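Please examine the arrangement of chains, helices and strands shown below. The paragraphs that follow lead from a pair of helices to the chain contacts and then to the strands.

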Amino acid sequence: MAAAESYPDDLRYHPEHDWARLEGDEAVFGITWFAQDALGELVHFEAPEEGAIVSKDQSYAEVESVKAVSDVIAPLSGEVLEVNSAVTDAPETVNEDPYGAGWLVRVRLSDPDEVDSLLDLEAYKQHLVDA
Amino acid sequence: MKLIYEKSRPGRRAGRLPDHGLPVPDVPEELRRSKAPRLPEVAEPDIVRHFTELSTRNYGIDTGFYPLGSCTMKHNPRVNERLAALPGFRDLHPHQEEEGAQGALRLCWELQEVLAEISGLDAVSLQPAAGSQGELTGLMLMRAYFGERGEDEQRRKIVIPDTAHGTNPASVTMAGYELTPVKTDPRGNIDIEDLEGKVDEHTAGLMLTNPSTLGLFDENIEEIARTFRRAGALMYYDGANLNAVCGISRPGDMGFDIVHINLHKTFSQPHGGGGPGGGPIAVAKRLEPFLPVPAIVRRNEGYGFDYDRPQTIGKVRGFAGPFGVFVRSYAFILAYGPQLREMSEVAVLNANYLLARLRGAYELPFDRLCMHEFVLSARPFKRERGTTALDVAKRLMDYGFHPPTVYFPLVVPEALMIEPTETETKETLDAFADAMLAIAEEAAEEPDVLKGAPHGLPVGRLDEVKAAKRVVVRYGFEEHPDLSGQPAAAVVQAPKGV
Amino acid sequence: MSYLALTEADREAMLEEIGVSSIEELFVDLPAGVRLDRDLDLRPAMTEQELTAYFEELASQNAPVGAELSFLGAGMYDHYVPAIVDTVLQRGELLTAYTPYQPELSQGVLQAIFEYQTAICELTGMDVSNASGYDGTTVAADACFIAKHATGRTKVVLTEATNPQVRQVVRTYAPGFGLEVVEVPHRDGATDPDELRAASEGAACAIFQHPNFFGVLEPAAELAAAASDAEALAVAHVDPLSLGVLEAPGHYGCALAIGEGQSAGNALSYGGPHFGFLAARSDFIRRMPGRIVGETTDAAGNRGYVLTLQTREQHIRREKATSNITTNQTLLALGGLVYLSWLGPEGLREVGETCMALAEHAKNRLGLPLLFADGTTFKEFAIRVGRPAAEVVRDARERGVHPGYALGRDYPGMDDVLLVAFTEKRTAAEIDRLAEVLAEVQAL
């Protein structure tokens, strides 16, 4: 069952419809409600390897529905510590709970200052209106 | 209905082989088949009935109107089937010596000549197996041409408009090039301003479908050609929509250097449920040395193959190409002769007639006369009552028609891309227009009728999400899963056609 | 002749509805400079009767396999095609449909492709097959593309005993794919696993034909193991009609199995159209090129078939697609399915055994030196004819027999070698005739 539209205020957002939840020098990444709604029910998550280096604004994974495939953009740079195997096994978890059980990867940040360039909730909502 | 494997019974069979009474030599044990493949074990009547029943669950041009945009679903003349089955063609071995294949080689050579005339270019290779392979071959020719000039390293970019078929960008990647997308302007032409900054000394070429997938002829084609010429780049013509302009405007005269021709579209090779096709390419003189081998040539002593082409890119498929396709398409061309022009004129007339009848009921994103096809949008229906292009497509099935291409081109939301072709009667066009108008009314008044469509077909709308997640792509015999108990997902709106 | 349907009255009514006075006005968007201001220079239109006469004349200038006694093979084979194949392929609902984009109107083609995929998986011992590739050469290029992306490596290995056209097509595609091609020579007609292992170091895949181009059975399992030792994908290029007798590539460690489908129910047709097949272990399903049909259900639980995993394909993934292929060879693949259903598992084994038996009989009967004396062969073998083979072909054809393929055009040092093929259509009496003619022309 798809989740209702929501954008938590404890997250930072990337204009490509990705989010980051900061936890010390680590962060958890995912895609926003808007992104999963545009894609439709996900059928595949092409995850990075654990240990992979990801760079801010670059693609680090792919998500697929039956009608579309989308690069997943890293909101911040760092090293992948963990991939959410619940999403690998059941990609629709992202549709059901994009900010909770549907997180994608946990990353150790290499440049925590990058956070300053991300959008806060208000700025992301404005971005959605503008787009 | 059952799969043919589910009709199989051990020990039943159809075909028998002659007994030559010769001993069968041993196969070394490590190479011997350990477990027989589970092919169907069925009698001949079972096979006939099985495939006859399958055919009744399928819709072809022979069944009815099939306005699948950009696919040119025109009538397939039956004489062409008979000609391709003449034993002198059908049973001719491709390694037969040239002296034993003069008729076939002459046919190929003559087809090359007429395709050069139709495209307005100098030399033709029949080898590519389909349009997309023609594209890839054309891009390989560009690389060879620039390689010869020492510019291959420098010229890495291919410009493609956002209305292009997906094959164009896919071919670019396969040829080792990089993609430079260019936008479409409000009239449906290439956005000249966007283009200006994107063509330079790093550009290898342009790939353009003209008329475009919007069914519109680019009014600025001469200026576009000048832009690429100035930059020293080449121009590739995707012939998917050649049915609009045969004998009226030739790609070579528009300034293109390389063209592929879809024999299964413009020249009526039956589409066969997905193939075969044929994708010959025609090129300007300066690209001829790089064409695939063998070239088919006429010599004093007759027709033959020429392998002595030191600058050739090589070979893109086996032998000289899909010969049976050549027989059918050449017969089609000879039936028309110079009246191919009338063929295209009527294709354009039919499309404009349908457009005129439908324009009030559907959104028309680019309000111009069209060429052989046009694109409507169902966006207002979606906004007002939640019905979509997919719903319109499915409802058309209830009226007895094959739907148009939907959700393509990507630049038009809720797109319905309609190509009637030249072989339909006015009565058929009117019946289709009446159905589309009735559906537009239903979309406003009884949207659930559309959402429940189609009715009375072997299956209703199928669950594509389930297919992508469970991934059952072959029969599993005793272990075959039963998917009927799995929950259904929503039906998906994705490109269908082209 | 034309296939147009509009009357003059129709045209006038339609122009009026459009709001223009002539067809010419519909082309207003075409600049004058790009219009053709003359008629196409083509011969005048022909009627159906004239077309038939002309094409019959062209066809009569060819020597098809029925007109002479032919032992030509070398990748294309004169196997028997049962009438039922024509019957099915001429069903208009199948012949004149396109790619099954709308599954409710296309269950016939979709189910047939699903059954075809099943047959190919059964033949090859693989998990997944696509809906067909263009032919036996292009599927080899496809295999290289899969292997490159699966392994991240940029070298591909081919055995020299693989069909020369397959190798040439791979070499043609390679620069665009960013691949380097390495060939492993044959040793007395077969490939040495140790040499293949060495060449496969750092390679994305190793492709070997089995039975190979000379008709010789390769040490297939050892070759697959050699490639796998080097962590290259083992790819077998196989003849579908050998797979009732020979082990399935999936059962001896291959990652992919590819091949030319012509021998299974497709007419020779001077080189096409035929179909290529490409099957793989399930690991590679998302890297497969082309259409794949999957099973699913509708909302009422009815079983049905759809094109699936389409995000691999060009119309969705565009420049990141696994291939640009769109139009494929569905009708020919359907011919293959009908043929394999007609044969069944017993028939498939018998075809293979019959070809082997005839070829073995011919070896003895012809009494000519075999090029490779040691190898076991399947349905063709190479012989030395003591004269330039091209001349032997010419002289034998004057006697109504095409004795085979002159190998010298592909392999240096084999100018006096003929590759002679035996399908189940040949007979002992025809082999007697071949022996007679070869003896005669050898002495010339």
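Helix α11 (residues 340-358) of chain B and helix α1 (residues 8-18) of chain C pack at an angle of about 50°, with their axes 8 Å apart. These axes are lines fitted to C-alpha atoms, for helices over the stretch in contact, and angles run from 0 to 180 degrees between N-to-C directions. α11(B) and α1(C) are therefore oblique to each other; angles under 35 degrees count as roughly parallel, over 145 as roughly antiparallel, 65 to 115 as roughly perpendicular and the rest as oblique. The crossing of these two helices, α11(B) and α1(C), is left-handed, a term used if the near helix is turned anticlockwise from the far one by less than a right angle, and right-handed if clockwise. From α11(B), the residues B:Leu349, B:Asn352, B:Tyr353, B:Ala356 and B:Arg357 make the contact, and α1(C) supplies C:Arg11, C:Met14, C:Glu17 and C:Ile18. Two residues are in contact if their C-beta atoms, placed from the backbone, lie within 7 Å. By class, this contact has five nonpolar, one polar and three charged residues; Ala, Val, Leu, Ile, Met, Phe, Trp, Tyr, Cys and Pro count as nonpolar, Asp, Glu, Lys and Arg as charged, and the others, Gly among them, as polar.

The model is predicted: local features need pLDDT of at least 70, side-chain atom pairs count only at pLDDT 80 or more, and totals for chains, interfaces and linings use all residues. Residues are numbered from 1 along each chain as its sequence is written, while chains are lettered from A and ligands numbered from 1 in the order in which they are written. Helices (H or I, at least four residues) and strands (E, at least two) are DSSP runs, numbered from the N terminus.

Between chains B and C, 178 residues of chain B are in contact with 178 residues of chain C. Helix α11(B) gives the largest share of the chain B side, 12 residues. That side has 94 nonpolar, 47 polar and 37 charged residues. Elsewhere, four residues of chain C are in contact with five residues of chain A.

Within chain B, helix α5 (residues 131-148) and helix α6 (residues 167-174) pack at an angle of about 45°, with their axes 9 Å apart. α5(B) and α6(B) are therefore also oblique to each other, and α5(B) passes α6(B) in a right-handed crossing.

The strands come next. Strand β4 (residues 203-209) of chain B pairs with strand β5(B) in the parallel sense over five bridges; two strands pair if DSSP finds at least two bridges between them. B:Leu208 has B:Tyr237 of β5(B) as its bridge partner. Five of the five residues of β5(B), residues 234-238, are buried, so this strand is largely enclosed by the rest of the structure. A residue is buried if 20 or more other C-beta atoms lie within 10 Å of its own, exposed if 12 or fewer, and partly exposed in between, with C-beta atoms placed from the backbone. B:Leu234, B:Tyr236 and B:Asp238 point one way from β5(B), and B:Met235 and B:Tyr237 the other way.

Strands β8 (residues 295-299) and β9 (residues 302-306) of chain B run antiparallel and are joined by five bridges. They form a hairpin with two residues between them, and B:Arg299 stands opposite B:Gly302 in β9(B).

In chain A, six strands form an open sheet in the order β1-β2-β3-β9-β8-β5, with antiparallel pairing. Its edge strands are β1 (12-14) and β5 (53-54), each pairing on one side only.
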